Amino acid sequence: KTAYEIMPSLVGSEMCIRDRSSAAFCWSLSQTGIQVMCLEQGNWMDPNKYTSTHLDWEKHLFSDYSFNPNVRTLPQDYPINNSDSEIDPLMFNAVGGSSIHWGAHFPRMKPSDFKVRTLDGVADDWPLNYYELEPFFDLNDKMTGVSGLSGNPAYPPMPKRQTPPLSIGKHGNQLISGFEKLGWHWWPAESAINSQQYDDRPACTYGGLCVTGCFNKSRSSADVTYWPKAINNGVILKTGVRVSEITLNQNGLSDGVIYYDQEGNSFKQEANIVVIACNGIGTPRLLLNSKSPSFPNGLANSSGLVGKNLMFHPVSCTVGIFEEKTDAFQGPVACSITSYEHYETDPERDFVRGFQMQCNRQLGPINTALGGLIEKPILWGENHHQNFEERNEKLIPITAIIEDLPELHNEVIIDETLTDSNGIPSPKVNYTTSENSKKILDFSVKRCEEVLGAAGAYKTISNQLVRGSGWHLMGTTKMGESKINSVVNKYGRSHDVKNLYVIDGSVFVTSGAVNPTSTIQAISLFIAENIKTNSKKLLEE
């Protein structure tokens, strides 16, 4: 067995995406005795101290447990200039990345998502396809533990899920009546949450506070699934360290990274191969900050595409208000039922691609009063209590996850003045919603209103574009076959620096319209398998 050092350098995380890929990658390499070290900007979380164990849990969503690092401002965070972005990037820094602060909805990208150029004449086809990733999807499901129901007609056949689907709940059954009346597709959501005991972790208690941390480890965040197994295999995980740049040797190969510890001391960690898993914001930030005479515009950036083609999933949210209580606060907030009725391109519509509907649950009274995802607070005044009573415990929310197509003007660049606490230049995000996405968003709101009305809602409130929805960060180190129009190849390997890899959502060519975690982890396992298979050849190069 060849022993050498792999360095996944974690600067940030994906919401929801955020980053779960490094844990899967490190575990896979550790299976063969390869020496692995991972540098993680955050620290281990203590489940016993999650805010979900406190009565004031909901308050923390607006402070130290906010999805937005600019609001949270914890020592392990870095600021992001989002003044020119219509969507706020969201992430969490810790062992396990944003899977700590995660709804755990776990669908796969669909076969059509990998070939939108062939099917619809837009963007580019991926250099790999669904069926190449299929065994790694299956392996990842086994390692993670997925609750769900096989047989979804929107997908190719899949193996039986590790545990049955989570309860749809009273609100889910109410909404199903609307889908049935309209004759639309619906299916129980695939969730990275145990509905029964699995892998020595207990079943979900339906407390509904997943996004503030799962105290009993039934939610399959990477810190309780992959990381314990990887460390048991010998992986070294350094926490609380911040990588500032990747360095090169005289042969133009990466020879390690510079990082800061929590006291602000600077060190160099040498490595034969460097692997980046910092999400679609943090990865281009690290590469663009790693300038040298060979790469004056940022490392691995001969194409000029590092930081370009940023994709979020623009989200619309519509809530239906019902006469009776819906009990929508009971259970995991992101996981009930989904619909792929409007996912694929329809030539009769004036846009390409489509969206996924997700039936969500309602958070607590503070979130309700402040508007939640519809971002329309209940106003103070004479009718405040009446309006609050109308919404509280009587909502059914539907979010529409929109496929975002890559566009060069949507980008991550280095801010001219903003830095983190170590003086490392911070990222600036420039993002505007495309005309195609705006059309999908408008269409999605109408369809959500339609199905909620069919389910018995007497009133709906909609938000066509949720600003606080940048959970999924993709596309900024595009995967492709040519160094002219991509940053890495199908195995995540940089076209410019042969021992530099990227394994996170930034390699996405297109975004699909599903939560990306399952696909990100499958890609990281796929890339790890290639490195294991070709380790001797890679070292000789």
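This briefing describes selected features of the structure above, grouped by topic.

The structure is a predicted model, in which local features need pLDDT of at least 70 and side-chain atom pairs count only at pLDDT 80 or more, whereas totals for chains, interfaces and linings use all residues. Residues are numbered from 1 along each chain as its sequence is written, and side-chain values use heavy atoms, with hydrogens and water left out. Helices (H or I, at least four residues) and strands (E, at least two) are DSSP runs, numbered from the N terminus.

- The axes of helix α5 (residues 169-182) and helix α10 (residues 435-454) come within 7 Å and cross at roughly 105°, where axes are lines fitted to C-alpha atoms, for helices over the stretch in contact, and angles run from 0 to 180 degrees between N-to-C directions.
- On the α5 side, L175, G178, F179, K181 and L182 meet E450, V451, L452 and A454 of α10, a contact being defined as heavy atoms within 4.5 Å.
- The residues of this contact between α5 and α10 divide into six nonpolar, one polar and two charged; Ala, Val, Leu, Ile, Met, Phe, Trp, Tyr, Cys and Pro count as nonpolar, Asp, Glu, Lys and Arg as charged, and the others, Gly among them, as polar.

**Aromatic rings**

- A search of the whole structure finds 16 aromatic pairs, for which rings of Phe, Tyr and Trp (its six-membered ring) must have centres within 6.5 Å, with planes under 30 degrees apart counted as stacked, over 60 as edge-to-face and the rest as tilted.
- One of these pairs joins Y155 and Y340, whose ring centres are 5.5 Å apart and whose planes stand at 85°, so the pair is edge-to-face.
- Because Y155 lies in the loop between α4 (130-144) and α5, while Y340 lies in the loop between β11 and β12, the pair ties together parts that are 185 residues apart in sequence.
- Both Y155 and Y340 are buried, where buried means under 20% relative accessible area, exposed over 50% and partly exposed in between (1.4 Å probe, protein chains only).
- Y340 also pairs with Y343, and since their ring centres are 5.5 Å apart with planes at 55°, this pair is tilted.
- The relative accessibility is 6% for Y340, which counts as buried, and 0% for Y343, which counts as buried too.
- Elsewhere, ring pairs link F114, W126 and F508 into a cluster.

**Charges over rings**

- The charged end of R285 sits over the ring of Y78, 4.3 Å from its centre, the requirement being that NZ of Lys or CZ of Arg is within 6 Å of the ring centre and within 35 degrees of the ring normal.
- R447 lies over the face of F443, at 4.7 Å from the ring centre.

**Positive phi angles**

- D199, although not a glycine, has a positive phi of about 55°; D199 is found in the loop between β4 (187-188) and α6 (226-232) and is partly exposed, with a relative accessible area of 32%.
- N279 is a residue other than glycine with a positive phi, near 80°; N279 belongs to helix α7 (residues 279-289) and counts as buried at 0% relative accessibility.

- P347 lies in the loop between β11 (337-339) and β12 (355-359) and is exposed, with a relative accessible area of 78%, and its C-alpha is 9.6 Å from that of D120, although the two are 227 residues apart in sequence.
- S218 is found in the loop between β4 and α6 and counts as buried at 2% relative accessibility; not counting residues up to four places away in sequence, S218 touches A192, I193, N194, R201, P202, A203 and C204.
- V412 has its place in strand β14 (residues 411-419) and counts as buried at 1% relative accessibility; leaving aside neighbours within four places in sequence, the contacts of V412 include G280, I281, P284, L288 and T476.
- The C-alpha atoms of V412 and I80 are separated by 9.9 Å, while these residues are 332 residues apart along the chain.
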